[in-house]
Each structure stands twice: as C-alpha cells, then as structure tokens.
Amino acid sequence: SVNTGNWTSESIHSLVDAEQGKIDPRIYTDQELYELELERVFGRSWLLLGHESHVPKKGDYLTTYMGEDPVVMVRQRDGSIKVFHNQCRHRGMRICRADCGNAKAFTCTYHGWAYDTAGKLVNVPFEEEAFPSDFKKEDWGPLQARVEIYKGLVFANWDPEAPDLLTYLSDATPYMDTMLDRSEAGTEVIGTMQKWVIPCNWKFAAEQFAGDMYHAATTSHLAAVVAGLPEDQDLSVFQPHMKGHQFLSEWGGHGCGFYLDTARGSVRVGPLVDKYYSEGPAFEKAKERLESKMPYHRMGASHMTIFPNCSFLPYGMNTVRTWHPKGPNQIEVWAFVIVDKDAPQEIKDELARQNVRTFSAGGVYEQDDGENWVEIQSALRGYKSKTAPLAMQMGLNVQGKNNPEFPGQTSYVFSEDVARGFYSHWVRMMSESSWDTLRPQPATTATVK
Ligand code: FES
C-alpha cells in the first residue's frame, strides 16, 4: 500500500457528506488524495480502454492508460484481447511507443529486450554472454491486467480480487444497452481516437456525465444548438426540456440521465442522424430489442458514466471517452465515436461529421463543458476556495420522482442523487482496503438519497 499521508479512513469519510449534501473541495486538488486514488480507485476498478473494433486483427494493438500506468491492448492469435503494462521490466522504458498499429513483437528501444504480442519476454540481447545463468526470461514479462468485454467495450482491471465486470456494472447494463445493443450486429468505431488536455480534476467530468443534466440549460449548450440552425428557424421551440430522469446504480456509483418524450438528439446531431435514431427500420429494431427493459421510445438525449472514468452520450452523439487522470489538476480526454455496425454508410459518415461539430476536441458543446471545469479548478487554487464546502443538495429527500417504468432507482432529471451516489462510492473505494466489505452484497446496497 502507498503512503496515504495524513488521510485516514475517517478523514476520507468526512470529505463527502451525502446525507447533508456537502462536499469538501479538497477532493479535487489534494496531491495525497490523488496518489491514493491511483492505488485504490484506478488500481481496483474496471477501466475503459477502447472498443473491440480498435484491434480487429491478430497483432493489432492500441496503447493507452489505466490511471497513469501506460498499457498496451493487443489482439491475440486466438481472438482474445490481452492488456499488459507498457513498461519494460529491464530499466522501465516503454515497450511500445506508437499509438496503435499491428505488430508481431514489441522490442524495447533502449536495450532491445523483445516481447511477443501476449507480453511474454522472448529475447534479451547478449543473454548468454552477460546475464547470470539462473536469469529466467519468464520472470520478467510485463504486468498483465484482467480483461473483460461488455458488448464491444474493452475494460481492464489490475486487481485479481475485484468482482467480474458484469457484477461491477451492477444494474447499469440496461442503460448501457441503449447505445451498445440497438442491433444484433453490435457497434463499431468510426474515425480516430481524439485526445485533448483539460486542466481540471477527472471527477468534474465523470460526475457531470454521470448525473448532471442540470447544467444543460445554462451552460451555453442552447447557444450551440442555435448556432447550428437555419436562420429562419423558430427559436421558441427550443425551451429547456423539463421532463426526464436520473438513474443511479444499485452498486458502484454508475449513473445515467435522460430526457423523456423529446427528440432523441434533436438538432444537436443534425436531421439525418436524428431521423435514424427517431424513426425508421433501425429505430424499430432497437425498440424491439430494448423495449422489454424500459420504454426506450420515450428516451431522449442522454448521458452516462461507468465509475470511475468511462463516460458516453448515447442517442446519436455516441461519443465514448475515458477521462485519463494526469495529476489532481489535469486530465487527458481520449474519445472515440461508435455507431451501429449495420447502419448505412451515409449515417456513419454524417455521424462522424456531427461528432466533430458537437462533442470532440473542437466541438462546440465540448468547449462549453470544459470551460466550467477549468474555471472551477482554477478557483480551487485559493485558500478560501478549498475551505468552503460545495453544495450537493438538489433532490435530497425529494420524494415522488421515481419512475417505476425504468429499471433501478431513478430520480427527477434535475437531481444530485447520482452525484451523491458517485461520491459515496468514491469514499468507499478510497477508505476500504478489502473487497470483503466493498464487493456488492444485497445487505449493503443502500439507497443514496
Ligand atoms: Fe528495455 Fe533496457 S529498458 S531493454
């Protein structure tokens, strides 16, 4: 275990008061808490690395991160996917320095140790001449992570004791399926991995995508919608939408929010994509597949986070991203776009174009969100800013907003139930060292209100 500095289980618990709806801003800035997050949150959670279609052929690889640890995700000869630490066991150089590609082996560029695509050390220059006779190559392969796939999305976990991915996802899967399981053909990636830096703590982004529809009407998203409209458009139709729900997973701090009875992505994604997601054969097929789980046809624009740092926007935005932490004050966003594999090519092309316009490195909506997080992080450099608790009380003890038509516990669309659940799970991960108390058990799954 790493040195946790001044933080004890009790002091970590005091940072988030879910019952009173208060949060200590130091969770976004403290270096010691961040070091503990790398061990206890990122070292033990299932983390999104990419999509199966990033590595379709044997030898295809993608380099990415688990927390701050570089990793390589590689398609194996038997069709499975392995993920190993992208660090040579000799003196610590990266094994693979490219973003992605196809390889038969990976050779460290420092002294030439070579690893096969499964991460096994297979060649050491001058092994016979320079190394002791009892040197064993099999002892010096890179660390391997556990890998599991949920409907195309590839997750990995360092912790052998962590629950399997399906248990970890808890009751969040029906909401994931609204993007991943619309067609029996599944999904595929279109375009490239986009990467950009935002000087903010990773939790601002993850929490917003988990449970914050509240910001949409104020954070200039409406201006971004208007900017994409024809000049003669009647703007009175774009009033803030008031109907919808937030979903909080029974275990794990995952969250999803969605509007009800409104156009899917409406004008955000352009008429062609909007039509594909709102009517016609693809929509009817998705409805047939998903309607037994929830009234899919009523769901509109939506946001979701799988704890800790995997987020996406279903319904025609289809951006999927990992908020890679880079210290307490910075993230790298790695985002890609997925689409129904059997969608017509013109939809795939248009969706890729619309993504560039909306949620991408240069997307107008993306700038709106990022600017808020950057400003908050900047303010939190101050002493007073760090000492005044932040309010997280929206929806606290508000009854009667649950909708039994939708699976799991839901609340009104403008609510911080999910934020309280997200941070309560963060506290548990940070303060409890054993999976004996952390793993989901019916007796311990409390409703966070
Ligand atoms: Fe990789 Fe020396 S650091 S071969």
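I began with the salt bridge (side-chain nitrogen of Lys or Arg within 4 Å of a carboxyl oxygen of Asp or Glu) that joins the side chains of lysine 195 and aspartate 99, at 3.6 Å from N to O. I noted that this is a predicted model, in which local features need pLDDT of at least 70, side-chain atom pairs count only at pLDDT 80 or more, and totals for chains, interfaces and linings use all residues. Residues are numbered from 1 along each chain as its sequence is written, and side-chain values use heavy atoms, with hydrogens and water left out.

Next I looked up the domains. Domain 1 covers 47-149 and domain 2 covers 171-444; the bounds come from an automatic or database domain assignment. Their centres, taken over C-alpha atoms, lie 33 Å apart.

Then I turned to the contacts. I found 14 residues of domain 1 in contact (heavy atoms within 4.5 Å) with 18 residues of domain 2. The count of salt bridges between the two domains is 1.

I also looked up the buried area, the accessible area (1.4 Å probe) that two parts lose on being put together, summed over both. For domain 1 and domain 2 this is about 1,200 Å², and carbon and sulfur atoms give 62% of that. Leu48, His51 and Tyr65 supply 43% of the area that domain 1 buries against domain 2, more than any other three residues.
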